[in-house]
Amino acid sequence: MIAELGHFALVLAFAVAIVQGTLPLLGAARRDAALVAVAPPAALVQLLLISIAFGALVHLYVVSDFSVANVAANSHQSKPLVYRISGVWGNHEGSLLLWVWILALFGSAVAAFGGNLPVLFKSRVLAIQALIGVGFLAFMLFTSNPFERLDPAPLEGRGLNPILQDPGLAMHPPMLYLGYVGFSTTFSFAIAGLLEGRIDPSWARWLRPWTLAAWTALTLGIALGSWWAYYELGWGGFWFWDPVENASFMPWLAGTALLHSAIVVEKRDTLKSWTILLAILTFALSLLGTFLVRSGVLTSVHAFASDPARGVFILALLVVAVGGALALYAWRAPSLQGGGMFAPVSREGALLLNNLLLASATATVLLGTLYPLALDVVGGPKISVGPPYFNATFVPLMIPLFLALPIGAVLAWKRGELGGALQRLWLAAAATLGVSIVLLLVSDLARGLAILGYGLGLWLILGSLADPLGRAALPGGGLARFWRRLCGLPRASWAMVVAHVGLGVLVIGVTATSTGQSERILAMKPGEVAELAGYSVRFEGVREVRGPNWIAQRGTFAVSRDGAFVAEIASDKRFFVVEQRPTTEAGIHTTLWRDLYFVLGEPAPDGAWTVRLYHNPLVVWIWGGAVLMALGGLLSLSDRRFRVGAPRPARVPAAVPAE
Amino acid sequence: MSASLEQPAAARPSRRGWLFLLPVLAFAAVGVVLALGLGRDPQTLPSVLIDKPAPSFALPPLPGRDERGFSSADLGGRPMLVNVFASWCVPCRIEHPVLDQLAREGVTIHAINYKDAPEDALAFLRALGDPFTRIGADRQGRAAIDWGVYGVPETFVIDRDGRIRYRHVGPLQPRDLEQTIRPLLEKLAR
């Protein structure tokens, strides 16, 4: 009964989406106010209907209704409640429902909070949003119905892949989809802008909060995924350049470029057709990611079970949405009028450099992800592209980006002076150089690459902090004045500083973890002591423990340093009874400066156990940096100019409002 | 409403208009690749080598493990598996317990270590267990090309006469053991 209710709600949502995707566009073309007015309420009704469907599926999982094929294939009564719920999006059909629900969520958010948008523009945005929904709802209803019944119903379900039964992974897909699908709004804004033929600073100002929201969620989603891979896959790596990771990383890179180029449109009314293209491409890359994960063209640990019919359907969706958008772009974009001119050395110039480097990085990752497939299709040799390719191509693009970032951020608009910028940054530059030289002297020269990484991270942090501190530390006034000036800086400036500092923190964390990891793999008998990076690790032995749906061998280690107790760390080898699969749970002790990361391996006949002991310096900085970047996004989102709304555009391009 | 109900700006022809066609053309190329790629499910990529003798090759050993290496002469005599792995490949780590399980059951598994640094490969085996009878180090990936390897991991089933009977692309899951690998090995052993 509940399953049928959910199914009918989806069918109704499909019908509403068709109405919402057509009538407002017709109305906008015919200047028919009644047709245009359909869009906002339709968006809200769609959210309601898809929420009913989503709630129905969650209910079916919670009560373990195995007469529904999807529940039977992916759940089990012995699973804890939280994983029965997260199991909803741990499979193809359920995650697609989450996808569509978030799409409707963004659509209705535009309907509810887009009060400052002109009526026609808003109705076009909502119509495009609905057309995306039509495609995905059709995909669900025709190829991937989560409510399909099973007759006869099995007594028990087949369970969920044990490595997915984890709190980090329960949160990872919703966060990631908020980002992925959030970029549908920027896509809709771009298409609506092209249809209207008017792209101006107020367009960029409307676009930016949605870009920021999606980007922030995607940043957190990717960080969660990488954190999960770190502690669950059990060997201390945090990023693997796996095709599915790349699928989420490409929209992030393009979205980051979009975030920056939209500033140029907003402030200087230029780089318009480029920004439109980025807005389309960012969502296109999200769709491409969806295609890669669900069509089975690439093998990956993360991929869902593949089915050729689904692949054809998503490819058709991709071609209609992206092909159509780019064709519209080719037709309309040449008529967009460029705005202000700028010198190469200027804030615009710096943001353009940022965009060029980020776009190249996106293309690099895209090439590495699709190259094996492309080569295979043209009958070439079969190859696989691994981390060596990405390290050799992606990293060199980041070095100039990070070097230029603090300088670009202090350049003036229109026409900047390199000398003046460097003057404001000399202290940060000197400090960075000084620390790098000291590092070079105390460590050996072979570690040059690591020191380059530390130097770049430090430069990003100090260079980003130098400007607000320098501006607040004007001569005159004591500490109180300094503090007041610091607090008086606009929130948007703070947002930029926090996000860029976060990037620096992330770069330092990545550098430390990739170059400074200590690893010991050895066979230990209970009571034996091993040394690891200055710590004494005593292996206490192994005992059996039972969880709700698993049995584990738990090895415990007592860690001390210079005779003082530091921590007791336990690592499990779990065996999931229903799924008949083992997992390893690394034992991790985290501080700001290092992680101790222990993994229990196999027993040997003589009573010893293989254990892997890692000392990962600064690894928590990676996720701390990502959280800071997301915090920067939120700060920028809360900036005053989005809350008071953009001024209504006049027929002639409006003067750019001053900060 | 009049302010927002205006006509779109008339399109003005531009000499550089063709530049704006580039994105849609590039996308068309990507679309063609994806469409052709769809027909080739990498999990069930058929091998042109199925039912043919395995290609002849002779690979050096992994320094520090043993002195024997792995060559075509080691194939045949009884049904066995050949696994292609690398320490930098995440799915390989996931499938490793499955290989361990098979080796404990007495199945002979040889391995081609694909484009890997020997010390990394040894650390991988020390950490996760070594189910392999013989290992050949294929540092340039040449032997893997002869085998038609698409990516790592891949697993081949070899029969008594040294012919390739089955090819599995991607990590071996317990399900694959039940449904294909074990039944096939049993059939070939008869």
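Where in chain A does A:Ala533 lie? A:Ala533 sits in the loop between β2 (529-532) and β3 (535-546) of chain A, and that loop is one stop on this short tour of a predicted model. Local features here need pLDDT of at least 70, side-chain atom pairs count only at pLDDT 80 or more, and totals for chains, interfaces and linings use all residues. Residues are numbered from 1 along each chain as its sequence is written, while chains are lettered from A and ligands numbered from 1 in the order in which they are written. Helices (H or I, at least four residues) and strands (E, at least two) are DSSP runs, numbered from the N terminus.

**Two residues with positive phi**

- A:Ala533 has a phi near 45°, a positive value in a residue other than glycine.
- A:Ala533 counts as partly exposed because it has 18 C-beta neighbours inside 10 Å. The scale behind this calls a residue buried if 20 or more other C-beta atoms lie within 10 Å of its own, exposed if 12 or fewer, and partly exposed in between, with C-beta atoms placed from the backbone.
- B:Lys115 is another non-glycine residue with positive phi, near 40°. Its place is in the loop between β4 (109-114) and α3 of chain B.
- B:Lys115 has 18 C-beta neighbours inside 10 Å and so counts as partly exposed.

**Helix pairs in chain A**

- Two packed helices are described by the angle between their axes and the distance between the axes. Axes are lines fitted to C-alpha atoms, for helices over the stretch in contact, and angles run from 0 to 180 degrees between N-to-C directions.
- Helix α14 (residues 387-410) and helix α15 (residues 418-442) of chain A have axes that come within 9 Å and cross at roughly 130°. That angle makes α14(A) oblique to α15(A); angles under 35 degrees count as roughly parallel, over 145 as roughly antiparallel, 65 to 115 as roughly perpendicular and the rest as oblique.
- The crossing of α14(A) and α15(A) is right-handed. A crossing is left-handed if the near helix is turned anticlockwise from the far one by less than a right angle, and right-handed if clockwise.
- On the α14(A) side, the contact is made by A:Pro406, A:Ile407 and A:Val410, and on the α15(A) side by A:Ala421, A:Arg424, A:Leu425 and A:Ala428. Two residues are in contact if their C-beta atoms, placed from the backbone, lie within 7 Å.
- The residues of this contact between α14(A) and α15(A) divide into six nonpolar, no polar and one charged. Ala, Val, Leu, Ile, Met, Phe, Trp, Tyr, Cys and Pro count as nonpolar, Asp, Glu, Lys and Arg as charged, and the others, Gly among them, as polar.
- Helix α3 (residues 39-62) and helix α7 (residues 119-143) of chain A have axes that come within 9 Å and cross at roughly 35°, and their crossing is left-handed.
- From α3(A), A:Ala39, A:Pro40, A:Ala43 and A:Gln46 meet A:Lys122, A:Ser123, A:Leu126, A:Ala127 and A:Gly133 of α7(A). The contact of α3(A) with α7(A) has five nonpolar, three polar and one charged residues.

**Helix α19 of chain A and its partner**

- Helix α19 (residues 620-637) of chain A has 18 residues and reaches 26 Å from its first C-alpha to its last, close to the 26 Å expected at 1.5 Å a residue. The expected span is 1.5 Å times one less than the number of residues.
- α19(A) is mostly covered, with 13 of its 18 residues buried.
- Helix α18 (residues 491-516) of chain A packs with α19(A) at an angle of about 165°, with their axes 7 Å apart. The two are therefore roughly antiparallel to each other.
- α18(A) passes α19(A) in a left-handed crossing, and their contact has 19 nonpolar, eight polar and one charged residues.

**Chain B**

- Chain B has five helices and seven strands, in the pattern α-β-β-β-α-β-α-β-α-β-β-α along the sequence.
- Of the 190 residues in chain B, 39% are buried.
- Among the contacts in chain B with a separation of 6 or more, 75% join residues 24 or more positions apart.
- B:Ala123 lies in helix α3 (residues 118-128) of chain B and is partly exposed, with 16 other C-beta atoms within 10 Å.
- Not counting residues up to four places away in sequence, B:Ala123 touches A:Ile521 and B:Ser87.
- B:Gln101 lies in helix α2 (residues 90-104) of chain B, and the C-alpha atoms of B:Gln101 and B:Pro174, 73 residues apart along the chain, are separated by 9.6 Å.
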